[in-house]
Amino acid sequence: MIRKNLDLRQLNTFGISASAKYYAAFDTVSELRQLLAEFNDETKLVLGGGSNILFTKDVEGLVLHNKIDTIDIAGEDDNFVWVKAGAGVPWHQMVQYCVERNFGGIENLSLIPGSVGAAPMQNIGAYGVEIKDIFWELEAMDVAEKSIRIFSNEACEFGYRESIFKNQLKGKYIILSVTCRLRKRPVFNTSYGAIESELAAMGVHTLSVKAISDAVIRIRSAKLPDPAVIGNAGSFFKNPVIAPALFQQLQNSFPGIPFYKGAAGIKIPAAWLIEQCGLKGMRIGNVGCYKNQPLVIVNYGNASGEEIFGFSERIIEVVQARFGIQLHREVNIY
Ligand code: FAD
Ligand code: NAP
């Protein structure tokens with residue numbers, strides 16, 4: 001059913017009120033094709049769980065809500081199993097499907113909100129794993145041609161919270177399904193963050209896909225704000241990756257600066273930079289930095305998208321002035 005002038009407040013985790021000129025949900029590829037033909041002249045915005053988007057204006061076009069919700073085993077051999085999920089499946093449901101069957105590789109990505117279809121958009125990642133580590137291929141519809149194309153892992157050009165769909169192909173494809181390749185004999189990754197201490201607190205002596213998933217769920221539930229209670233879109237900024245020369249200067253001035261060396265440069269936790277600027281827990285009007293994790297900007301009530309965007313501008317300026325580092329937004333701004 002096509003809705004007109006629908007308020008999207010319930011459809012984004014920031015809880016921002018923005019009106020969609022037209023709104024339609026689709027369950028199948030043929031329904032999507034029909035909608036694309038019918039609304040040929042309108043701009044289109046695909047929405048999954050709305051957990052990585054900030055509306056700063058109304059949508060003067062068609063919001064397409066992906067509800068393709070199939071999930072199946074697409075193939076297997078002695079070592080691997082390929083799981084294919086429709087883009088409208090909630091991501092954590094895909095994780096649970098694999099965890100219940102002891103398929104390994106996805107467990108560190110437990111409890112990330114949103115849909116399967118949006119997961120490759122920013123190469124979702126947590127606790128040392130990114131979807132690119134298990135991603136096999138996706139099917140996507142070319143919005144202009146209405147033809148279906150298959151993208152391999154390489155074709156998605158995954159980077160740190162990046163993919164080709166967030167860059168050159170932004171708005172050009174609608175992801176329909178994602179296939180991941182999981183291990184039948186899991187290789188565990190517990191080196192990151194608080195996973196090991198959480199497993200110890202849980203009394204786990206033998207690692208399993210389920211135990212790691214449970215540990216991640218416990219850590220996340222304790223640390224992150226639940227969007228059902230307080231509006232947010234997770235980390236608002238990416239962790240900056242800086243050149244060694246700048247890092248050296250910073251380390252001289254701030255000897256305690258946390259850092260992680262990687263192939264692309266030196267990653268500095270944005271949360272630390274924000275906290276050092278005295279912004280952790282800061283609130284201006286309806287908007288603030290979350291008390292447990294300042295990288296998460298929260299909507300305390302009836303904030304508008306512009307108000308949240310303005311707050312993020314302020315954080316960028318303050319961090320730039322203190323550290324000479326430019327923060328970049330991770331959340332998609334509409
Ligand atoms: P939406 O917000 O609906 O859309 C995001 C973007 O993708 C938009 O540009 C939209 O147009 C586009 N899009 C959506 N679906 C499709 C599709 N089918 N085809 C083409 N384009 C599409 N992210 C992480 O990486 N790691 C985390 O650990 C993490 N933790 C989070 C914790 C919390 C509490 C919250 C609120 C968010 C967190 N996020 C995290 C961010 C977010 O959950 C992910 O980016 C998620 O993949 C977004 O999915 P979504 O369906 O909600 O996307
Ligand atoms: P954390 O464990 O307190 O760590 C702070 C930051 O340091 C993280 O952002 C992480 O970078 C980095 N880090 C920690 N240990 C690392 C290691 N061993 N190697 C390289 N980098 C390391 O972070 P947190 O806020 O509680 O989040 C935990 C995980 O969930 C992180 O991976 C984070 O990205 C993810 N998460 C993402 C979102 C989102 O919206 N994108 C929201 C909540 C949580 P990375 O972020 O690069 O991993």
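## Close-up views of a predicted model

View 1. A polar side-chain atom of Q293 stands 2.5 Å from an oxygen atom of ligand 2. The structure is a predicted model. Y160 also points to ligand 2: a polar atom of the Y160 side chain is 3.0 Å from an oxygen atom of the ligand. Y127 takes part through its backbone, where a polar atom lies 3.0 Å from an oxygen atom of ligand 2. On its own, ligand 2 has 790 Å² of accessible area, and the protein covers 80% of that.

View 2. The backbone of V46 brings a polar atom to 2.7 Å from an oxygen atom of ligand 1. The side chain of Q122 has a polar atom 2.9 Å from an oxygen atom of ligand 1. N66 meets a nitrogen atom of ligand 1 instead, with a polar side-chain atom at 3.4 Å. Ligand 1 has 990 Å² of accessible area on its own, of which the protein covers 93%.

**View 3. An aromatic pair, F151 and Y173.** The whole structure contains 13 aromatic pairs. In one of them, the ring centres of F151 and Y173 are 5.1 Å apart and the planes meet at 85 degrees, so the pair is edge-to-face. An angle over 60 degrees is what that label requires. The two residues are 22 apart in the chain, and their pair links distant parts of it. F151 belongs to strand β11 (residues 148-152), and Y173 to strand β12 (residues 173-183). F151 has 0% relative accessibility, so F151 counts as buried. Y173 has 14%, and therefore counts as buried too. The cut-off for buried is under 20%.

**View 4. A ring cluster and two charges over rings.** F14, F236 and F237 form a cluster linked by ring pairs. Elsewhere, a charged group meets a ring. The charged end of R181 sits over the ring of F80, at 3.7 Å from the ring centre. R283 lies over the face of Y300, 4.2 Å from the centre of that ring.

**View 5. S312 and its contacts.** S312 is part of helix α7 (residues 305-323). Its relative accessibility is 0%, so S312 counts as buried. A polar atom of the S312 side chain lies 2.6 Å from the backbone oxygen of F309. The S312 side chain also makes a polar contact with the side chain of R329, at 3.1 Å.

Notes:
Residues are numbered from 1 along each chain as its sequence is written. Chains are lettered from A and ligands numbered from 1 in the order in which they are written. This is a predicted model: local features need pLDDT of at least 70, side-chain atom pairs count only at pLDDT 80 or more; totals for chains, interfaces and linings use all residues. Side-chain values use heavy atoms; hydrogens and water are left out. Rings of Phe, Tyr and Trp (its six-membered ring) pair if their centres lie within 6.5 Å; planes under 30 degrees apart count as stacked, over 60 as edge-to-face and the rest as tilted. Helices (H or I, at least four residues) and strands (E, at least two) are DSSP runs, numbered from the N terminus. Buried means under 20% relative accessible area, exposed over 50%, partly exposed in between (1.4 Å probe, protein chains only). A charge sits over a ring if NZ of Lys or CZ of Arg is within 6 Å of the ring centre and within 35 degrees of the ring normal. A polar contact is a pair of N or O atoms within 3.5 Å; within protein, one must be able to donate a hydrogen and the other to accept it, and residues adjacent in sequence count only if both atoms are side-chain atoms. Accessible areas come from the Shrake-Rupley method with a 1.4 Å probe; for residues, only the protein chains shown count as cover.
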